[in-house]
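Colleague: I would like to go through this model feature by feature. Please give the general idea each time, then the case at hand.

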Amino acid sequence: MSFFNSIGMLTTTTNRRSMSRNPRPQKRSPTPTSADMPPPPSPVSPPASKPLYLCSPFVEAALVKGNFKTIVVLPKYVDIMEWVAVNVFDFYTNLNEFYGVISECCTQHSCPTMSAGTGLSYTWINQDRKSVNLPAPTYIDYVMTWVQNLLDDENVFPTKSGHDFPQSFPSTIKHVYRQLLRVFAHIYHAHYPQLLHLRSEPHFNSLFAHFLAFGREYELLDLKDVKGAANAPVGIGALWDKWKEMGILEG
């Protein structure tokens with residue numbers, strides 16, 4: 001289904017929306033203290049060129065078995081804008097919770113750039129429209145604060161019956177999706193050992209697979225963002241290919 005083609009067909013949503021969003025969090029997940037954080041994980045020895053998230057049994061770890069297509073299809077009688085909005089809200093909330101758990105390991109010293117693969121670091125566009133390199137925790141804080149502000153804006157994410165989503169909603173959501181993808185990519189690239197130590201890889205893998213499947217179903221995700229360029233590939237691009245091979249994702 002084309003999410004972008006649906007915008008012209010929408011009418012006032014009074015008495016038509018059948019879903020309601022959960023209350024929004026008032027603030028981001030607190031940074032854990034050192035007492036809350038477990039010691040560094042014991043080293044694992046996969047092939048040097050292969051990241052842990054592509055190694056068995058971690059790549060197969062999941063809470064949901066089978067193809068994710070079945071859980072992203074638009075339910076009957078549900079407005080597509082509401083469906084996209086509530087899912088993006090949930091992706092943001094869950095990703096924010098995961099980052100809150102490992103954020104003590106993501107510092108300006110350990111992550112001086114927003115790295116997401118060999119030779120790849122994302123840059124932030126500042127107010128002067130210039131690309132600047134930022135430490136990963138700063139970049140992620142900017143992303144999460146920006147998304148939270150959008151979620152709290154009734155003009156972007158209306159929650160009251162009778163209020164329509166703006167015409168710009170699809171393009172805004174696509175931008176949100178691209179930035180959340182970058183946070184996923186950094187966590188997989190730089191902090192997957194911490195997730196393994198917490199035994200959270202099935203939860204994180206399932207969240208990310210759901211995120212990818214939903215993004216492709218509603219045209220929120222470009223494959224070039226998932227896989228990167230030939231000279232600067234995104235690490236999670238190989239994960240996308242592996243999960244397609246396993247039947248978890250569709251092409």
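Predicted model: local features only at pLDDT ≥ 70, side-chain atom pairs only at ≥ 80, totals over all residues.

Colleague: Where does R199 sit, and what is the value of its phi?

Modeller: R199 belongs to the loop between α5 and α6. Its phi is near 55°, which is positive although the residue is not glycine. R129 is in the loop between β3 (124-125) and β4 (131-132), and with a relative accessible area of 68% it counts as exposed.

Colleague: Which peptide bond is cis?

Modeller: The bond from S56 to P57 is cis, and its omega is near 10°. P57 lies in the loop between α1 (3-6) and α2 (69-72).

Colleague: How do I read the span of a helix, taking α3 as the case?

Modeller: Compare the distance between its end C-alpha atoms with the span expected at 1.5 Å a residue. Helix α3 covers residues 80-102, 23 residues in total. From first C-alpha to last it reaches 33 Å, close to the expected 33 Å.

Colleague: Is α3 mostly covered or mostly open, and what is found at its start?

Modeller: α3 is mostly covered, with 18 of its 23 residues buried. At its start, a side-chain oxygen of D79 comes to within 3.1 Å of the backbone nitrogen of M81.

Colleague: Next, salt bridges. How many are there?

Modeller: The criterion is a side-chain nitrogen of Lys or Arg within 4 Å of a carboxyl oxygen of Asp or Glu. By that rule there are 5 salt bridges. One of them joins the side chains of K174 and D222, at 3.3 Å from N to O. K174 is in helix α5 (residues 169-197) and D222 is in the loop between α6 and α7 (223-227), so this pair ties together parts 48 residues apart in sequence.

Colleague: How exposed are K174 and D222?

Modeller: K174 is partly exposed, at 22% relative accessibility. D222 is partly exposed too, at 23%.

Colleague: What does R178 pair with?

Modeller: R178 forms a salt bridge with D225, and their closest N and O atoms are 3.3 Å apart. Since R178 lies in helix α5 and D225 in helix α7, the pair ties together parts that are 47 residues apart in sequence. R178 is partly exposed at 26% relative accessibility, whereas D225 counts as buried at 18%.

Colleague: How is the salt bridge between E245 and K242 placed?

Modeller: The closest N and O atoms of E245 and K242 are 3.6 Å apart. Both residues are in helix α8 (residues 236-245), and being 3 residues apart they are separated by about one helical turn. E245 is exposed, with a relative accessible area of 64%, and K242 is partly exposed, with 27%.

Colleague: How is empty space found?

Modeller: Rolling a probe the size of a water molecule over the atoms shows where empty space is left. In this structure, a search of the whole finds 1 cavity of 30 Å³ or more. The largest cavity has a volume of about 50 Å³.

Colleague: Which residues line the largest cavity?

Modeller: The lining includes V59, F68, N205, A209, W243 and I248. Helix α6 (residues 201-217) gives the most to this lining, with 3 residues. By class, the lining has 8 nonpolar, 2 polar and 1 charged residues.

Colleague: And the largest pocket: what volume does it have, and which residues line it?

Modeller: The largest pocket holds about 210 Å³ of space. Its lining consists of T123, W124, I125, R129, Y139, W146, H175, Q179 and R182. The elements that supply two or more residues to it are β3, α4 (136-151) and α5, and α5 gives the most, with 3. The classes divide into 4 nonpolar, 3 polar and 2 charged.

Colleague: What about the second largest pocket?

Modeller: About 160 Å³ of space lies there. The second largest pocket has 12 lining residues, and K69, A213, R216, E217 and E250 lie nearest its centre. α6 gives the most to this lining, with 3 residues. By class, the lining has 6 nonpolar, 2 polar and 4 charged residues.

Methods
Residues numbered from 1 in each chain as written. Heavy atoms only, no water. Helix = DSSP H or I, 4+ residues; strand = E, 2+ residues; numbered from the N terminus. Expected span 1.5 Å × (residues − 1). Buried < 20%, exposed > 50% of the residue type's maximum accessible area, 1.4 Å probe, protein only. Polar contact = N/O pair within 3.5 Å; in protein donor to acceptor, adjacent residues only side chain to side chain. 1 Å grid on protein atoms, 1.4 Å probe; cavity = no way out; pocket = protein on both sides within 12 Å on 5 of 7 lines; lining within 4 Å. Points joined across faces, edges and corners; volume = space filled by probe spheres on them. Nonpolar A, V, L, I, M, F, W, Y, C, P; charged D, E, K, R; others polar.
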